[in-house]
Amino acid sequence: DLYTSDQAWAKAKAALGKKVAAFERNKGHLGEGPKALADALSELGALQNELQRIAVYAHARSDENTRLAAPRAMRAEADSLSVQLDTVTAWLRPELLTLPEATIRTALTQEKRLREWAFYLQDVLRWKPHTLAAEEERIVAMAGELSIAPSTVNGELKDADLHNPAL
């Protein structure tokens, strides 16, 4: 139901990669008003939804037979795209925190599209003491590739590469 074929998935993944890269055009514009903030967050939500479709398909294909390299590669590509999205959007929270809290709260009341982002925005404000500068947040996001590697290797060895004589 997600994609008609692996080729359709690959096409969707490539298209999403371009959209992810283009998201940075919102950088520096969040404070221009409630509409600009809602536009950026709506675009982020759409990217996250598309990424979920791509990741679910790739993970499901990989789980069908963990011994096959091509589906495992798809899974790795989806995971990498997730890290790419996190890296490209790492500036978002720090930029939001440069805005006065009253500006964010006012925007929530003025722009209807921000209502679905109310929890996120309140959470950003709550995490202010623990949020790094944009470049530091970017480095942390880039480390996502490293953080998923041990689990991936363990799963591949456990599920695919080790022969179980009981089977």
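What follows is a conversation about a predicted model of one chain.

Visitor: What is the secondary structure of the chain?
Guide: The predicted chain has eight helices and zero strands. Helices (H or I, at least four residues) and strands (E, at least two) are DSSP runs, numbered from the N terminus.

Visitor: What do I need to know about the numbering and the model?
Guide: Residues are numbered from 1 along each chain as its sequence is written, and side-chain values use heavy atoms, with hydrogens and water left out. As this is a predicted model, local features need pLDDT of at least 70 and side-chain atom pairs count only at pLDDT 80 or more, while totals for chains, interfaces and linings use all residues.

Visitor: What pLDDT does the chain average?
Guide: The average is 92, and 94% of the residues score at least 70. pLDDT is the predictor's confidence in each residue, from 0 to 100.

Visitor: Which elements have the lowest and the highest mean pLDDT?
Guide: Helix 8 (residues 144–161) has the lowest, at 71, and helix 1 has the highest, at 98. Where pLDDT is low, the predicted coordinates should not be read in detail.

Visitor: What box do the C-alpha atoms fill?
Guide: Roughly 65 × 35 × 25 Å, taken along the principal axes.

Visitor: And how much of the chain is buried?
Guide: Of the 167 residues, 37% count as buried. Buried means under 20% relative accessible area, exposed means over 50%, and partly exposed is in between (1.4 Å probe, protein chains only).

Visitor: On to packing. At what angle do helix 1 and helix 2 cross?
Guide: The axes of helix 1 (residues 6–22) and helix 2 (residues 34–64) cross at roughly 150° and come within 10 Å. Axes are lines fitted to C-alpha atoms, for helices over the stretch in contact, and angles run from 0 to 180 degrees between N-to-C directions. Helix 1 and helix 2 are therefore roughly antiparallel. Angles under 35 degrees count as roughly parallel, over 145 as roughly antiparallel, 65 to 115 as roughly perpendicular and the rest as oblique.

Visitor: Which residues of helix 1 and helix 2 make the contact?
Guide: Helix 1 supplies Asp6, Trp9, Ala12, Lys13, Leu16, Lys19 and Val20. From helix 2 come Glu43, Leu47, Glu50, Leu51, Ile54, Tyr57, Ala58 and Arg61. Contact means heavy atoms within 4.5 Å.

Visitor: How many of those are nonpolar, polar and charged?
Guide: Nine are nonpolar, none polar and six charged. Here Ala, Val, Leu, Ile, Met, Phe, Trp, Tyr, Cys and Pro count as nonpolar, Asp, Glu, Lys and Arg as charged, and the others, Gly among them, as polar.

Visitor: At what angle do helix 1 and helix 3 pack?
Guide: Helix 1 and helix 3 (residues 69–88) pack at about 15°, with their axes 10 Å apart. The two are therefore roughly parallel. On the helix 1 side the contact involves Asp6, Trp9, Lys13, Leu16, Gly17 and Val20. The helix 3 side has Met74, Glu77, Ala78, Leu81, Gln84, Leu85 and Val88. By type, the residues of this contact are eight nonpolar, two polar and three charged.

Visitor: How do helix 3 and helix 7 cross?
Guide: The axes of helix 3 and helix 7 (residues 134–142) come within 8 Å and cross at roughly 175°. That makes helix 3 roughly antiparallel to helix 7. Val83, Asp86 and Thr87 of helix 3 meet Arg138, Ala141 and Met142 of helix 7.

Visitor: What is buried in helix 6?
Guide: In helix 6 (residues 118–126), Tyr120, Leu121, Asp123, Val124 and Leu125 are buried. They pack against helix 2, helix 4 (92–98) and helix 5 (101–110).

Visitor: Single residues now. Is Ser62 buried or exposed?
Guide: Ser62, in helix 2, is buried, with a relative accessible area of 3%. Leaving aside neighbours within four places in sequence, Ser62 is in contact with Pro71, Arg72 and Arg75. Ser62 and Arg72 are 10 residues apart in sequence and 5.1 Å apart in space, C-alpha to C-alpha.

Visitor: Where is Lys27 found?
Guide: Lys27 is in the loop between helix 1 and helix 2, and is partly exposed at 43% relative accessible area. Beyond neighbours within four places in sequence, Lys27 is in contact with Trp91 and Glu95.

Visitor: And what is Glu145 in contact with?
Guide: Ser80 and Val83, leaving aside neighbours within four places in sequence. Glu145 is found in helix 8 and counts as partly exposed at 35% relative accessibility.
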